[in-house]
There are 2 protein chains.
Amino acid sequence: MGRIKEFKDKEALEKAMILFWKKGYENTSLKDLLSEMDILNGSFYNSYGNKKNLFMKTLDFYADEVTAKRGALLADCPNFKEGIRLLFQEMFQCFDDNTAPKGCLLVNSISNDLLQDPEIQKYVKTEIDNFKLFFEEQLREAVETKELESTLDIPLTASIIVTYIQGVMRLSNLNYCTKNFRQQTDIFLTALGI
Amino acid sequence: MGRIKEFKDKEALEKAMILFWKKGYENTSLKDLLSEMDILNGSFYNSYGNKKNLFMKTLDFYADEVTAKRGALLADCPNFKEGIRLLFQEMFQCFDDNTAPKGCLLVNSISNDLLQDPEIQKYVKTEIDNFKLFFEEQLREAVETKELESTLDIPLTASIIVTYIQGVMRLSNLNYCTKNFRQQTDIFLTALGI
């Protein structure tokens, strides 16, 4: 029974995440959530407390299920240049998949207004900082193994990658053809010496 | 009288723009707008029709007053490398100014949900495309005068700049210190050969 409940909870959380991702936090009503997650009001309050709490849980779910898997493509690849290209490729494949929401949960669901909420801002900043640190680590390893030049500015290159990814995520919502994204990203990475 | 009315209209439009910029389109109510613009319901409907119409007018106002002035810093500079740095510098100065909203009106006020509205999506796409074309023109001129290398891929470099700016605009809402933005942008531009 424990496992079935866990599976059902995960399924409901994923449904809530996709709804926030598509509609944004403010535009998603409690009614939308109850109907999409197929649960009753009382059970919602027992499990999640309120809409914001549930939203924070979907952010964690996204970090574990989407961001971590994407990062593993780079971390598991013995070669940085190949790994970073695999990471971008996977992003562009997601954009091409019309059944899934485009872009990034954090970029799409968190309006600038919501971003001024201290708890949300702290969460997003921590995610961005962790993302930068992850790229820093990967870059450092590649410099140590002499795959990348020792003159590379590791922290600033990591910041440039994260900034560029944020831009790609935002623009992906405009339904551009990904061919252009693929070409420009290759030039972008090559120019940076990665 | 005509000039006073024009001035008053412009002032009211700027106030509406700043409200949308700070709060986002969905979070800005008609009541907020009437109070901020200091006009009555009837006069609002006569002048702007509805909230969406007013919003489109503030997007035009932003394009004329903010984006065009920023672009002119590059266009008026005889040297591309210097001009593009002036453009970024002006952006970072705006981020440092705590009295003004950070980021970009289009990034901050248009949620992913609103972006799926065909009229809004068309407007934003046209703005992004024009922004790319503007950079393409500027890059082409600099290649022709031999300031930049003839091997530069002009359309893709323009796309990379626009993508990066979108990322910077999004991240600026997290109140990061602009020192890091300035440093990473210099490395980014130099790597691209611009």
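Helices (H or I, at least four residues) and strands (E, at least two) are taken here as DSSP runs, numbered from the N terminus. With that in hand, welcome to the close-up views; please keep in mind that this is a predicted model.

**View 1. The loop between α9 and α10 of chain B holds N175(B).** The phi of N175(B) is near 55 degrees, which is a positive value in a residue other than glycine. Most residues other than glycine have a negative phi. N175(B) has 14 other C-beta atoms within 10 Å, so this residue is partly exposed.

View 2. Look for D38(B) in the loop between α2 and α3 (41-48) of chain B. How many C-beta neighbours does D38(B) have inside 10 Å? There are 10, and D38(B) therefore counts as exposed.

**View 3. Chain A as a whole has 10 helices and zero strands.** Reading from the N terminus, its elements run α-α-α-α-α-α-α-α-α-α. The C-alpha trace of chain A spans about 60 × 35 × 35 Å along its principal axes. Of its 194 residues, 34% count as buried. Among contacts in chain A with a separation of 6 or more, 61% come from residues 24 or more positions apart.

**View 4. Helix α1 of chain B covers residues 2-23.** This helix has 22 residues and reaches 32 Å from its first C-alpha to its last, close to the 32 Å expected at 1.5 Å a residue. Which residues of α1(B) are buried? They are A12(B), L13(B), A16(B), M17(B), L19(B), F20(B) and W21(B). Their cover includes α2 (30-37), α4 (51-75) and α6 of chain B. Just after the helix, G24(B) takes a positive phi of about 85 degrees.

**View 5. D9(A) sits in helix α1 (residues 2-23) of chain A.** D9(A) has 15 other C-beta atoms within 10 Å and is therefore partly exposed. A handy landmark is S47(A), which is 38 residues from D9(A) in sequence. In space, the C-alpha atoms of D9(A) and S47(A) are 9.2 Å apart.

**View 6. The largest nonpolar core has 90 residues.** Its members with the most contacts inside the core are A16(A), F20(A), L105(A), A16(B), F20(B) and L105(B). In soluble globular proteins, nonpolar side chains tend to be buried together. Leaving aside neighbours within four places in sequence, A16(A) is in contact with L33(A), E36(A), M37(A), L54(A) and T58(A).

**View 7. Helix α8 of chain A runs over residues 118-144.** At 1.5 Å a residue, its 27 residues should span 39 Å, and the end C-alpha atoms are 38 Å apart, which agrees. The buried residues of α8(A) are I120(A), V124(A), F135(A), Q138(A), L139(A) and A142(A). What covers these buried residues includes α4 (51-75), α5 (80-96), α6 (105-109), α7 (112-115) and α9 (154-172) of chain A. Just after α8(A) comes K146(A), with a positive phi of about 65 degrees.

**View 8. At the interface, 35 residues of chain B are in contact with 35 residues of chain A.** On the side of chain B that touches chain A, two or more residues each come from α6 (105-109), α7 (112-115), α8 (118-144), α9 (154-172) and α10 (178-191) of chain B. Which element gives the most to this side? It is α9(B), with 10 residues. By class, this side of chain B has 14 nonpolar, 15 polar and six charged residues.

Terms used. Residues numbered from 1 in each chain as written. Chains lettered and ligands numbered in written order. Predicted model: local features only at pLDDT ≥ 70, side-chain atom pairs only at ≥ 80, totals over all residues. Contact = placed C-beta atoms within 7 Å. Nonpolar A, V, L, I, M, F, W, Y, C, P; charged D, E, K, R; others polar. Expected span 1.5 Å × (residues − 1). Buried ≥ 20, exposed ≤ 12 C-beta atoms within 10 Å, placed from the backbone. Core = buried A, V, L, I, M, F, W, Y, C linked by C-beta atoms within 7 Å.
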